[in-house]
Amino acid sequence: LSLVGALVAAAAAVLLLLLAVDVRRYERALADDDATFRANPARQDLWRPRQLVPFGAARSLLGVDGQIAYRRAARLFVLGRPRVHLLESTPKMQGYRSEAAVVLWRLGQGDDDARRRSRELNLLGVLDFLTLGESDAVERMRALLRASATFRRAIAADEQGAEEAKVNLELALRMIAEVRATNPTLRGLGGSATHRPESGGAGY
């Protein structure tokens, strides 16, 4: 029995040593791969350090699942080239945008970190902007309404830190007003969702 106990203790010590190595790799990967992401977001192995202990043990121990999920969603968003107009985007860009929208929507529903959830919803609203067409006023209005609703949710999640979402909401509301001005039949579409939010008597 003493031999068995010694073997179990030795195995546990080795496992803890390997886990410590994995934890250190993850800590280093978060910093190093963030820098790599800014230079080359297309790299496939970002935030995926080689692990010695299986089943994501080190990641769970560090509690960084949410951080990594956000980073991977942001990578998809960037690869979708959001500054490229819909009509000039490639099928590959559109694929990244669609994938990012699905992931960001899922994260925005259940992320328990309010600041991060606000960022996820803001990026999701921007993706709604990217679906805007030039000819179909109804579809354009629907996309703007989706975007404005998502920006409102981003602001509600973290009102103090959602400056980008506030700017984006203001832009969406201005664009909604422009669509209505040129298409009188759409003036009733959206209702109170198209009103500027109140904050001490002033809009965002």
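Biologist: Leaving aside its neighbours within four places in sequence, which residues is Leu 144 in contact with?

Modeller: This is a predicted model. Contact here means heavy atoms within 4.5 Å. By that test, Leu 144 touches Phe 129, Leu 132, Ala 172, Met 175, Ile 176 and Val 179.

Biologist: Which residues touch the most other members of the largest nonpolar core?

Modeller: A nonpolar core is a set of buried residues joined through side-chain atoms. Here the largest one has 36 residues. Leu 104, Phe 129, Leu 144 and Phe 151 touch the most other members.

Biologist: Which helices each supply at least two residues of this core?

Modeller: Helix 3, helix 4 (91–110), helix 5, helix 6 (137–157) and helix 7 do. Helix 6 gives the largest share, 9 residues. A second core is separate and has 11 residues, among them Leu 19, Val 23, Tyr 26 and Ala 58.

Biologist: Now the pocket. How many residues line the largest pocket, and which lie nearest its centre?

Modeller: A pocket is an open set of grid points, and lining residues have an atom within 4 Å of a point. In this model, 25 residues line the largest pocket. Tyr 70, Arg 119, Asn 122, Leu 123 and Glu 164 lie nearest its centre. The space in this pocket is about 560 Å³.

Biologist: Which elements give two or more residues to that lining?

Modeller: Helix 1 (2–39), helix 3 (65–79), helix 5 (114–129) and helix 7 (163–182). Helix 5 provides the largest share, with 7 residues.

Biologist: How many residues of the lining are nonpolar, polar and charged?

Modeller: The lining has 14 nonpolar, 4 polar and 7 charged residues.

Methods. Residues numbered from 1 in each chain as written. Predicted model: local features only at pLDDT ≥ 70, side-chain atom pairs only at ≥ 80, totals over all residues. Heavy atoms only, no water. 1 Å grid on protein atoms, 1.4 Å probe; cavity = no way out; pocket = protein on both sides within 12 Å on 5 of 7 lines; lining within 4 Å. Points joined across faces, edges and corners; volume = space filled by probe spheres on them. Helix = DSSP H or I, 4+ residues; strand = E, 2+ residues; numbered from the N terminus. Nonpolar A, V, L, I, M, F, W, Y, C, P; charged D, E, K, R; others polar. Core = buried A, V, L, I, M, F, W, Y, C linked by side-chain atoms within 4.5 Å. Buried < 20%, exposed > 50% of the residue type's maximum accessible area, 1.4 Å probe, protein only.
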